[in-house]
Amino acid sequence: MFSNILIYFVVIPVLMLAGLAVCRNIKQIRAVAVTGSLALTALSIYLLVEYLALHAADPAAPMHFLGQWDWFKPLHIQLAVGVDGISVAMIILSSIILLTGSFASWKIDPMPKEFFLWLILLSVGVFGFFISIDLFTMFMFYEVALIPMYLLIGVWGSGNKNYSAMKLTLMLMGGSAFLMLGLIGIYYHSAENPADLTWNILKISENASISTGWQYFLFPMTFVGFGVLGAMFPFHTWSPDGHASAPTAVSMLHAGVLMKLGGYGCFRVAIYLMPQAANDLAWIFLILTGISVVYGAFSACVQTDLKYINAYSSVSHCGLVIFAILMLNTTAMTGAIMQMLSHGLMTALFFALIGMIYGRTHTRDITKMGGLMKIMPFLSVCYVIAGFASLGLPGLSGFVAEMTIFVGSFEHADMFHRVFTIVACCSIVITAVYILRVVGKLLLGPVQDEHHLALTDATWWERTATVTLIISVAAIGCFPNFFANLIRWTFTPEIFSVIGMN
C-alpha cells in the first residue's frame, strides 16, 4: 500500500494531526502546520512530474498510480486510488491553498491547536476525495471534509456564526443524503451479476450496466447532491452566510477547494457514469446554473460587506463551472476545470486579503473604509490584482478560463445553448461593475476613518501567502497550454462517445 505515492496525501495530514496533538505552544503548532503543508505541496509537484512521465509512456491509460486494497469484502468496498490530469490539478490546488491558509492563520486565536486540528482534518477529506476512485471511500472522504466546517465556523467564526454554521451543515448534509442514495443506486446497478457488483468508478464505466431508465432516476440525485456543494441555484443560500462568518483560512479552503468537490463530483460521478442521462437532462441543470451565474453577480453588486461580495461572486463563478461541464464538449469542460483552478486560487487570495484588512480595520463594510492604498499599499495592490483576475484581465487565470468556457459553450449550434451562453457572458460585465466599485470605494479616495492612518501594511507571513497565490494565478494566465493539455488528456473519445462529446 505505502509504495503508492497517492496514499501519502492522506498519511501526511494524519501525521500532522498526530504532531499537533503533542504540540505545547504556538511556535510548535505553526511549525507542524507549515512543514506539513510544504511537504504536501512538494509531494504534489513531484506527483505532477511523475504523472507527466507516465502519461508520455502510456497516453491511452485513463488513470495512473492505480492501486486497490480490500476493505470490506461483503459489500465489495475497497480503498481504490488513481489520478488523471484533472485529479492532479485539484491536488496541486489543494496543497497550495492549505499552505497559504496556514500562513494566513499565523495569529489565529483562541485555541490555535484545536483550530489547526480541524483544519487539517478537513484537508484529509479533500485529498482523500480527489485520489479515490471507489465511490464508497470517495463519499466517506467527502463527509470527512464537510463535518469540520460546523466547528470551524461555529467556534472561530464571526458575526452570526452559529446560524451560519448550522445552515451550512444542514444544507450540505441534505445534499449528502441525496448523494448517498444515488451512489447506493449506482452500486446496485454496477454489474449484471450480483457477485460482480463494485464501487470502482473505472469498472462501473467499463461495465456500462446502468440502464437508461435508472440513469434518469440516479443522475439527478447525484448531480444535485454534488451541486449543493457547488452552490447551484436554488441550493446556494448556505454559501454567502457560511463564507461571511468563517475565519480567513476556512473561507480560503472552503471557497478555494471544498466547493470544487461539487464540480469535480458532478463530472467524475454523475456525467462519467451516466452519460445518457447527462445528455438528455443537461438542459434542466443548464437553466439552474445559468441563473446562478447571473444572480450571483447581480447580488454581489448590491452588497457592502467585503465577504458577502466575494461569497456571491463565488456563487457566480462556481455556477460557470457546472454550466460548462453541462455543455458536454471538450473545450467547455476544459474551461470548467481551468475555472475551478482559477477561482480556487483567486477566491483564496480574496478571502486572505479580506481577512488581513479586517484584522486591521475591524470592519468589512466598504462604506466605512477608503484610501487604503495610501495606508497599506502592498495589500491594496494585491487586492487590485485579485480583482483583475476575477473580472478576466488577460494575462491572469480568469481570462483563459472564462474564454475557454464561452468558446466551448458557443460550439453548440442550437439556439438554446447559444442563448444561455450569451446570458452567462453578461456576468463578465456585471463582475467588472462590482469589482471596480469595491476598488474605488475601498482603496482610492479620501481616508474615511482617521484611526486607519495608524494601520500597518502586510507582515512577512501575509506577504508569503499572497505572493504565492498571485504567482499561481499568473502562471495559469501566462501558460494556459500546459494546464489545458493536462486537463484534455482526461477526455478520451471512448469515455464520452455515448454523449457525442468532441
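## The largest pocket

On a 1 Å grid over the protein atoms alone, a pocket is an open set of points where a 1.4 Å probe fits, with protein on both sides within 12 Å along at least five of seven lines. Grid points are joined across faces, edges and corners, and a volume is the space filled by probe spheres set on the points. This structure is a predicted model, in which local features need pLDDT of at least 70, side-chain atom pairs count only at pLDDT 80 or more, and totals for chains, interfaces and linings use all residues. Residues are numbered from 1 along each chain as its sequence is written, and side-chain values use heavy atoms, without hydrogens and water.

The largest pocket has a volume of about 660 Å³. Its lining (residues with an atom within 4 Å of a point) comprises 29 residues, of which Ala 104, Lys 107, Thr 248, Gly 355 and Gly 359 lie nearest the centre. Two or more lining residues come from each of H3, helix H11 (248–273), helix H14 (330–361) and helix H19 (460–478); helices here are DSSP runs of H or I with at least four residues, and strands are E runs of at least two, numbered from the N terminus. H14 contributes the most, with seven residues. By class, the lining holds 15 nonpolar, eight polar and six charged residues, where Ala, Val, Leu, Ile, Met, Phe, Trp, Tyr, Cys and Pro count as nonpolar, Asp, Glu, Lys and Arg as charged, and the others, Gly among them, as polar.

Phe 72 has Ile 77 of E2 as its bridge partner.

Four residues lie between the strands of this hairpin, and His 76 takes a positive phi near 60° there. At 27% relative accessibility, His 76 counts as partly exposed (buried is under 20% relative accessible area, exposed over 50%, partly exposed in between, with a 1.4 Å probe and protein chains only).

## Other backbone features

Most residues other than glycine have a negative phi, and most peptide bonds are trans. Met 111, in the loop between helix H3 (85–104) and helix H4 (112–131), has a positive phi near 50° and is partly exposed, at 38% relative accessible area. The peptide bond from Phe 233 to Pro 234 is cis, with omega near 0°; Pro 234 lies in the loop between helix H9 (212–229) and helix H10 (238–245).

Note on methods. Two strands pair if DSSP finds at least two bridges between them.
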